[in-house]
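This report walks through one structure, starting with its sheet and moving on to its core and a pair of helices. Please keep the picture in view while reading.

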Amino acid sequence: MDYSPTSLNILAHCVRLLVPGFTVRLHRWTPRGRNSKLLSMNRFRTDTHFHIDQARAPKRVLQAAERAGIRLAAPSMNPDSYAEIRRLQAAHPQALQWVGIGLHPEREYPDAEFLRACRLVEQADVVGEVGLPYYDRVVTRADVDRFATFCRLAAEHNKPMMIHAVHDVAYMALDFLCEYAVKRAVFHWLKADVDTIDAIVDAGYFISITPEVTYRERDMQLLKRIPLTQIVLETDGPYAHGGPYAGLETVPDWIDEAARVVADHYGLSWENWWRQHEINVERLFGVPSRSHEA
Ligand SMILES: [Zn+2]
């Protein structure tokens, strides 16, 4: 019988249509070869960007992630979103490892919310989701000033950043990261021209790849420019995806679908890919301060 990740994912998609929240533990079916020792060492897979408080049923998503051995880094939309994610983390500490404080740049927030977010930077694991708007608004002076402040605070407190800045505004965001000497950052679900992608890589920042890489040429071209040591995976769930994912609720184990393509691109076995990925994740976000070892 064919137990390849591809056939299992197609099967999982079909079952998910019937049973919302269904997940498979794909790594369990991975053929055990000479890398089986690495598989047992590599206990986690990480979705580096999942808006858990925005999910229809956050607890169900977290329980499924726990069963699948997936840990999450969760950005927040604003301070209230951050508080909700911290509440979820108290009940699901193993699945929810890193929590970010941010103000989603596509939304508008009053100054009071911005100041609340700034005060939370010191206690947060990550500064994010922050950045510059592109889809829903044009960049204003206030957007630029707020992003500069988040960069300054991240640098002062040595926090990693989750950056939302695509296309025309990605280079501007990179400029601020460099100006404030932010040490660790990921450009999440990046879309940008080749020069900007190369500049982000040269500056040493991470770039995330989503399941879109399984069906979209643009993401495949992006992947080709990212060194193995500067890539991380994310779903941006529950934000909906297109292509074969249209109409489905985005869940963290979709990182496995991106991983198939990415591991193949780098010529790595499933086990070695995840081993490298988790090294990248901990270089980006730091080793979780709370101990959740089973
Ligand atoms: Zn996001």
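Two strands are said to pair if DSSP finds at least two bridges between them. The model discussed here is a predicted one, and that should be kept in mind throughout.

## The sheet and its edges

Strands of a sheet pair through backbone hydrogen bonds, and they may do so in either a parallel or an antiparallel way.

These two strands belong to an open sheet of 8 strands, arranged in the order S1-S2-S3-S4-S5-S6-S7-S8 with parallel pairing. S1 and strand S8 (231-233) stand at the edges and have a single partner strand each, so one side of each is left without a neighbour in the sheet. If direction is ignored, neighbouring strands of this sheet are turned against each other by 30 degrees on average.

## Strand S2

At one end of that order, strand S1 (residues 45-47) pairs with S2 in the parallel sense over 3 bridges, and Thr 46 stands opposite Arg 71 in S2.

Is strand S2 (residues 70-74) mostly covered or mostly open? Strand S2 is mostly covered, since 5 of its 5 residues are buried. Both of its faces are covered, with Ile 70, Leu 72 and Ala 74 buried on one side, while Arg 71 and Ala 73 are buried on the other.

## The nonpolar core

The largest nonpolar core has 74 residues, and those with the most contacts inside it are Ile 52, Val 127, Ala 173 and Val 186. Helix H12 (residues 270-285) gives the most to this core, contributing 6 residues.

## Two packed helices

Helix H7 (residues 141-156) and helix H8 (residues 170-179) pack at an angle of about 35 degrees, their axes lying 9 Å apart, and the crossing of H7 and H8 is right-handed. Which residues make the contact? From H7 come Phe 147, Ala 148 and Cys 151, and from H8 come Ala 173, Phe 176 and Leu 177. In the contact of H7 with H8, 6 residues are nonpolar, with no polar and no charged ones.

Technical notes: Residues numbered from 1 in each chain as written. Predicted model: local features only at pLDDT ≥ 70, side-chain atom pairs only at ≥ 80, totals over all residues. Axes fitted to C-alpha atoms, helices over the stretch in contact; angles between N-to-C directions. Helix = DSSP H or I, 4+ residues; strand = E, 2+ residues; numbered from the N terminus. Left-handed = near helix turned anticlockwise from the far one by under 90°. Contact = placed C-beta atoms within 7 Å. Nonpolar A, V, L, I, M, F, W, Y, C, P; charged D, E, K, R; others polar. Core = buried A, V, L, I, M, F, W, Y, C linked by C-beta atoms within 7 Å. Buried ≥ 20, exposed ≤ 12 C-beta atoms within 10 Å, placed from the backbone.
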